[in-house]
Amino acid sequence: MHLDLTGRTALVTGSTQGIGEAIATALARAGARTAVNGRRPDAVAGAVERIRAEVPGADLVGAPGDVSTAEGADRLRASLPEVDVLVNNVGVFGAQPALEIADDEWQRYFEVNVLSAIRLTRAYLSGMKERGWGRVQYIASDSAVVIPAEMIHYGVSKTALLGVSRGFAKEAAGTGVTVNSVIAGPTHTGGVEDFVYQLVDRDLPWERAQREFMRLHRPQSLLGRLIEPEEIANLVVYLSSPQSSATTGAAVRVDGGYVDSILP
């Protein structure tokens, strides 16, 4: 299947590292003019440089801005008035005992993980509908379905994204615009290797270490290893493409079978 996004403009929030950078790289490789977003201009410039080295000739745009605030989202929209593909990836996570999560921390998770995506969907969806084509995606998590006891606030914010996605899919019904969520499972991102080696023998080579970690600490996974960011990006590129035109209002899993369900 040839996924060609030439002539389309894509925005990936939180794309200066990890899953977001992998998604931006994959979209650029598919031919999209790709906007790289992050809070710090230097981090954005660094990601643009890395992606350009990975994809020579890539059409990249640096789009710094803190989309967890209305002001930051407005500035981003002013610098990038129209997009065809919006990938709401930015998010925060962290472990905290449930009864110790204060109101301001709940609010911060909602602002970053949920309201940022709502703001940008509101900003760009109307234009997509008018042009008769567009793709909106929300990067959710297995934690949206399997709420982790050690970070309820994170899990609940990702559950909210599933509802946001389904609702906006109905708003876009019949317009040529699709809206979907991507449920990502345990992923090999920055800092994860240190975390894994806190729990398994440090003398194990990485391939064996991650499998031992999954066996002992994430036994629900059917994959038996961590997911690579590029594997999540592959699904995002497909959902961004014309070939995915009949998939909308869905929560599509790329979780290695982590969520114990026969439904997608």
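I take a residue as buried under 20% relative accessible area, exposed over 50%, and partly exposed in between. The model I am reading is predicted.

**Phe-195.** I looked up its accessibility first. Phe-195 has 38% relative accessibility, so I log it as partly exposed.

**Phe-213.** Here the relative accessible area is 3%, and I log Phe-213 as buried.

**Aromatic pairs.** I count 3 aromatic pairs in the model. One of them joins Phe-195 and Phe-213, with the ring centres 5.8 Å apart and 75 degrees between the planes, which makes the pair edge-to-face. Phe-195 belongs to helix α6 and Phe-213 to helix α7; the two are 18 residues apart, and the pair links distant parts of the chain.

**Helix α7.** I checked the length of α7, residues 206–217. With 12 residues at 1.5 Å a residue, α7 should span 16 Å, and I find its end C-alpha atoms 16 Å apart, so the two agree. Next I asked which residues of α7 are buried. They are Trp-206, Ala-209, Gln-210, Phe-213 and Met-214. These cover an arc of only 130 degrees around the axis, and therefore sit on the same side of α7. On the face turned away from the buried side I find Arg-208 and Arg-215, which are exposed. The cover over the buried residues of α7 includes α6, residues 192–199.

**Arginines over rings.** I noted Arg-8 over the face of Trp-133, at 3.8 Å from the ring centre. Arg-77 lies over the face of Tyr-124, at 5.3 Å from the ring centre.

Definitions and conventions
Residues are numbered from 1 along each chain as its sequence is written. This is a predicted model: local features need pLDDT of at least 70, side-chain atom pairs count only at pLDDT 80 or more; totals for chains, interfaces and linings use all residues. Side-chain values use heavy atoms; hydrogens and water are left out. Helices (H or I, at least four residues) and strands (E, at least two) are DSSP runs, numbered from the N terminus. The expected span of a helix is 1.5 Å times one less than its number of residues. Buried means under 20% relative accessible area, exposed over 50%, partly exposed in between (1.4 Å probe, protein chains only). The arc is that of the directions from the helix axis to the C-beta atoms. Contact means heavy atoms within 4.5 Å. Rings of Phe, Tyr and Trp (its six-membered ring) pair if their centres lie within 6.5 Å; planes under 30 degrees apart count as stacked, over 60 as edge-to-face and the rest as tilted. A charge sits over a ring if NZ of Lys or CZ of Arg is within 6 Å of the ring centre and within 35 degrees of the ring normal.
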